[in-house]
Amino acid sequence: ITGTFEIGEEVTQTNTDYTMKGEVVKTDLSTSAKKVYISHAGATDGDYHEFTLSAAVTGSNSGATGTPTAIGEDLQDGAMNSDFDNIGDALLDFSESNPFGDPQ
């Protein structure tokens, strides 16, 4: 990694037919692994793609660059799933026959 990615900045990775974009939500540059966590990722062509290991990622504000050596998911050890369970239980009442409304 060259430079320091900033929390909240948009990062881009230009590929042949599309560009990946995402938002930096966390960095861990203290170890040799140097991890940058990205959320709200998507491709400019509207199709599903992942960041690749063959092109550099560039920060829009910081100008930091780095080419990924590994790509993975960090779902916060299942905490996110339990959050959705708790929130979902409060939003939807499954005791109703149709929680989204009765057809007219």
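Modeller: Two strands count as paired if DSSP finds at least two bridges between them. The model is a predicted one. In this model, strand 2 and strand 3 are joined by seven bridges and pair in the antiparallel sense, so the pair passes the cut-off of at least two bridges.

The pair belongs to an open sheet of five strands, in the order 3-2-1-4-5, with antiparallel pairing. Strand 3, residues 35–43, is an edge strand and pairs on one side only. The other edge strand is strand 5, residues 65–66.

Strand 2 and strand 3 form a hairpin with six residues between the strands. In this hairpin, K34 takes a positive phi near 45 degrees.

Two of the facing positions can be followed across the pair. K21 has G42 of strand 3 as its bridge partner. K26 stands opposite Y37, also in strand 3. Between K26 and Y37 there is a further relation: the charged end of K26 sits over the ring of Y37, at 4.7 Å from the ring centre. As for rings facing other rings, the structure holds zero aromatic pairs.

T27 is a residue of strand 2, which covers residues 19–28. T27 counts as partly exposed because its relative accessibility is 28%, and that value lies between the limits of 20% for buried and 50% for exposed. Leaving aside residues up to four places away in sequence, T27 touches K35, V36 and Y37, and also F5 and I7. E6 is 21 residues from T27 in sequence, and the two C-alpha atoms are 8.1 Å apart in space.

Strand 1 runs over residues 10–14 and includes Q13. Q13 has a relative accessible area of 0% and is therefore buried. The side chain of Q13 reaches the backbone nitrogen of T52, at a distance of 2.9 Å. T52 is also one of the residues that Q13 touches, when residues up to four places away in sequence are not counted. Among the others are Y18, T19 and M20, together with F51, A55, A56, V57 and P68.

Key:
Residues are numbered from 1 along each chain as its sequence is written. This is a predicted model: local features need pLDDT of at least 70, side-chain atom pairs count only at pLDDT 80 or more; totals for chains, interfaces and linings use all residues. Side-chain values use heavy atoms; hydrogens and water are left out. Helices (H or I, at least four residues) and strands (E, at least two) are DSSP runs, numbered from the N terminus. Buried means under 20% relative accessible area, exposed over 50%, partly exposed in between (1.4 Å probe, protein chains only). Contact means heavy atoms within 4.5 Å. A polar contact is a pair of N or O atoms within 3.5 Å; within protein, one must be able to donate a hydrogen and the other to accept it, and residues adjacent in sequence count only if both atoms are side-chain atoms. Rings of Phe, Tyr and Trp (its six-membered ring) pair if their centres lie within 6.5 Å; planes under 30 degrees apart count as stacked, over 60 as edge-to-face and the rest as tilted. A charge sits over a ring if NZ of Lys or CZ of Arg is within 6 Å of the ring centre and within 35 degrees of the ring normal.
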